[in-house]
Each structure stands twice: as C-alpha cells, then as structure tokens.
Amino acid sequence: MQIIRYPERSAWAEITSRPVFETQNLELVVNEILQDVRQNGDIAVRRYTERFDKADVLNLAVSEFEFAEAEMQVSNELKTAILTAKNNIEKFHRAQIEQSERIETTPGVVCWREARPIEKVGLYVPGGTAPLFSTVLMLAIPAQLAGCREIILCSPPNRNGQIHPAILFAAKLCGVTRVFKIGGVQAIAAMAYGTESVPGVDKIFGPGNQFVTLAKQLVARQGIQLDMPAGPSEVAIFADETSIPSFVAADLLSQAEHGADSQVLLVTTEENIIHEVLGELEAQIGLLPRHEIAAQALRNSRAVLVKNVSEAVGLLNEYAAEHLILACREEAQVASQITSAGSIFLGNYSCESAGDYASGTNHTLPTNGFARTFSGVSIDSFVKKITFQKLSAAGIKNLGETIEIMAAAENLDAHKNAVTLRLKWLAENHDQT
C-alpha cells in the first residue's frame, strides 16, 4: 500500500481516485458480443459460452433435475447457514415495504402513492473463481418481497456445463423463476434483448467484472434499466488507537481478494496504526489462497495519515466508499457526519463480511464514488411508485382558481379550460355538489 502523510486538501481528488483501465478496445469487444446475441440469440450465446467458459451447453435453462441434484450436493451445514442469512435478509428488507398513506392536501383533494413491482427482472450472479451464492440472496429476496412476476437469473457454468450447486440451492430457496447457464457479456445481452430461451427483462441487477459492468452500461443506453453504476469492490476504514490492527488488516484483505482491480483505503490519525496494519497485512496475506489477487489490489491501495477526525471525515466523504468501517472511538458520532457511503459498519466487531453475507443488509452497493448519489439495492429497487389523486366536487371548487391562474400564466389555455368547464358545470348543477 502507498503511504500518504498529512496530504493537503488539493491532493484529495488524486488520493480518492480509483484504478483506471483502458476501455476503448474493451467497448468494441463488448458491443460486438451484445449485437451478436441481439441478432442471433441462443446460437450466439452458446458460441460465447463455449469460447469463454469452455462449456458446451445444449440446454441453457437449468432443469428441475439439476436443481434437485444441486440440493443434494450442498452440505447441511451450508444449507443451515444460507437459511440463517435468508431469514435475516428477509427480515431487514420486509421492513422496507411502505404502507400507502392518503393525504388531503386541500379539502376535497386527496393524494397518495402506491408501489407496483417491476414485472420482469434479471439477476446476474458471478460464478467463476468466487461463486457468489450470497448475491442470489441479496437480489432474489427483495425481488420476491416486492412481488416481481418473473425473476430470471443468469450465472456462468463450469467446464461441465453446470452452475455451482449453492447458487442453484439459493435460487430455488428464494423463488427465482428460471435460471440459465450463461455468464459474462452474453448473459447481459440475453436478459436485455431476450433470446429463444431467455425472456427479456425490464431491469438488470448484479455485480460482475469489467466486461459485465460495461455491458450493463451499454444496454442501459438502449433503455434497459440497471440497479446502479457498479465497478470493482472497495472498502475504506477509519481506524484510531482504539482499533485492533489485525481486524483492520483482515477487513482490508477481505475486499482486496475480490479482484486485482479492487481497492482499499485506510485512513487514520495515528501513524503507528499504519505500521501495525501493514505488518498484519504481510502476515495474513500469505495464508490466503487468493493472495496473488489480493497483493495486486493492494498495489492500487493507500494508507493515509490525517491530522484529526474532522479531516478524516472529509476525506472519507469525498471517497464515498462502497463499504465504510469505523473502527474508532465514538463511532456513532463519527457516522452521523458521513454523508456518502454505500454501507457503514460501526465498531471493531462489525466486519464487512457480516454485511456481505448474513447481518441482513444488502451487499449490492454503489462503487467508484457513486455512493455520493446512489443507494444500495433495497425493496425500492424492484418497484416503481405510482401517484394517485382524487378530487371531489368540493375539491375542484377549492383548488380550481389556483390551477386556472397558474395555467393562464404559462399560456396553456387548454389546461385552464379543463378546470373552467368543471367549475361552470358545477355552478349550473347545484344538486351535483
């Protein structure tokens, strides 16, 4: 990790920048795959599955037999863990369901809002070196609670043409409608445009590598809705003398192991914390199976020494981390000053892994600074809100003149006339009021 001591505020933009990768050639490759799938459907999907996943998949859809076989392959221990996580995630997200409230804004004028589920949603679940069955829980549970009619899931197969059994178990458990053995850009294309096998969807969710992320961005230009802008995973940690350096290092590594393009940021007011954490990183990283990936991510990462808590908060708000851990004194008071973060973890025992798996919050979060303006996935991500209004005769009489004056001021006479005709009719038909 690069160590930066007492940077000037003018240097914050550079400190909070993420790794930049060449995208021009990448966009050409991704767009070619998207258009091929759009034109040639399943044939193109199978061709890319064979090329990239080395799997010859005849039936793209997962069969009932495959679901049953997968369930038998998942250990009872893992099933219990998944069920525990599911219950917590469901409990947290169910509480987000809003009750419609009717508001009388003017006597006789009642307004309210109701949620309606997005009919068809597509979930992308990575399944390569890290089969993210936890992402199935994070996406399918709120989709089901929201009432989405069709929940489509795509995940890349292994060389035998099979999806990791834990992904299939979680999908069945959480009410996914159909699962397809498709990964990468071709999966995004199939869900965006539809193929002979895969239904097209209205909104696409889920993380992925730079190819998948770019594919989502490109189909969004054509009207397909996305969960949020997303990129490589990241964590920021504010640690003071009350933190436990081994915990801090473990949390940094938990994100660094996601990918070489991930980034972690340590901010502290104590220089000795940096040295102790770096020592722990060196001790822990060699024990990880994915140590090479984590080491590459650490090269993109920084440890920053700041003068005080106020400066730390300012830097962290500018960074707008996907995950933010506050391992410090009076963490609740510090948290109250954070305006930009995907998810916040308070105290030494609140490891980021808890949110990734089983505490109940959603782990699908904005990255790359988008936490300044975007929220993580929730029930709201799977619904749209429709407003209603009902005006009685008294209501149109009470509000009518206001509408007429405003419409006339905007030179929209037809708008004004829609009110004027009603007021005139009511005046001539007293018994209808």
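Predicted model: local features only at pLDDT ≥ 70, side-chain atom pairs only at ≥ 80, totals over all residues.

Modeller: Lys 397 sits in helix H15, which covers residues 393–409. Take Ala 418 as a reference point. Ala 418 and Lys 397 are 21 residues apart in sequence, and their C-alpha atoms are 13 Å apart in space.

Tyr 349 lies in a loop, between strand E13 (343–346) and helix H14 (352–357). Tyr 349 is exposed, because its relative accessible area of 73% is over the 50% cut-off.

The protein has 433 residues, and 48% of them count as buried. It has 16 helices and 14 strands. Along the principal axes, the C-alpha atoms fill a box of roughly 85 × 60 × 45 Å. Take the contacts between residues at least 6 apart in sequence: 76% of them join residues at least 24 apart.

Helix packing comes next. Two packed helices are described by the angle between their axes and by the distance between those axes. Helix H7 (residues 184–193) and helix H8 cross at roughly 25°, and their axes come within 8 Å. That angle makes H7 roughly parallel to H8, because the label applies under 35 degrees. The crossing of H7 past H8 is right-handed. On the H7 side, the contact is made by Gly 184, Val 185, Ile 188, Ala 192 and Tyr 193. On the H8 side, the partners are Phe 211, Val 212, Ala 215, Lys 216 and Val 219. By class, this contact has eight nonpolar residues, one polar and one charged.

Lys 216 also has a charged partner. Its side chain meets that of Asp 227 in a salt bridge, with 3.0 Å from N to O. The pair links distant parts of the chain: Lys 216 is in helix H8, Asp 227 is in the loop between E8 and strand E9 (234–239), and 11 residues separate them. Are these two residues buried or exposed? Both Asp 227 and Lys 216 are buried. Elsewhere, Glu 98, Arg 113, Asp 380 and Lys 385 belong to one network, joined by salt bridges that share partners.

The structure holds 14 salt bridges. Another one pairs Arg 221 with Glu 27, whose closest N and O atoms are 3.4 Å apart. Arg 221 is in the loop between helix H8 (210–220) and strand E8 (225–226), and Glu 27 is in helix H2 (residues 24–53), so the pair ties together parts that are 194 residues apart in sequence. Arg 221 counts as exposed, at 62% relative accessibility. Glu 27 counts as partly exposed, at 29%.

A further pair joins two loops. The side chains of Glu 119 and Arg 149 form a salt bridge, 2.8 Å from N to O. Glu 119 lies between strand E3 (109–117) and strand E4 (120–124), and Arg 149 lies between helix H5 (133–146) and strand E5 (150–155), so parts 30 residues apart in sequence are tied together. Glu 119 counts as partly exposed, with 34% relative accessibility. Arg 149 counts as exposed, with 53%.

Helix H4 (residues 76–94) packs against helix H6 (residues 165–173) at about 40°, with the axes 11 Å apart. H4 is therefore oblique to H6. H4 passes H6 in a right-handed crossing. Which residues of H4 meet Ala 166, Phe 169 and Leu 173 in H6? They are Leu 78, Lys 79, Ile 82, Leu 83 and Lys 86. The contact divides into six nonpolar residues, no polar ones and two charged.

Note on methods: Residues numbered from 1 in each chain as written. Heavy atoms only, no water. Axes fitted to C-alpha atoms, helices over the stretch in contact; angles between N-to-C directions. Helix = DSSP H or I, 4+ residues; strand = E, 2+ residues; numbered from the N terminus. Parallel < 35°, antiparallel > 145°, perpendicular 65-115°, else oblique. Left-handed = near helix turned anticlockwise from the far one by under 90°. Contact = heavy atoms within 4.5 Å. Nonpolar A, V, L, I, M, F, W, Y, C, P; charged D, E, K, R; others polar. Salt bridge = Lys/Arg side-chain N within 4 Å of Asp/Glu carboxyl O. Buried < 20%, exposed > 50% of the residue type's maximum accessible area, 1.4 Å probe, protein only.
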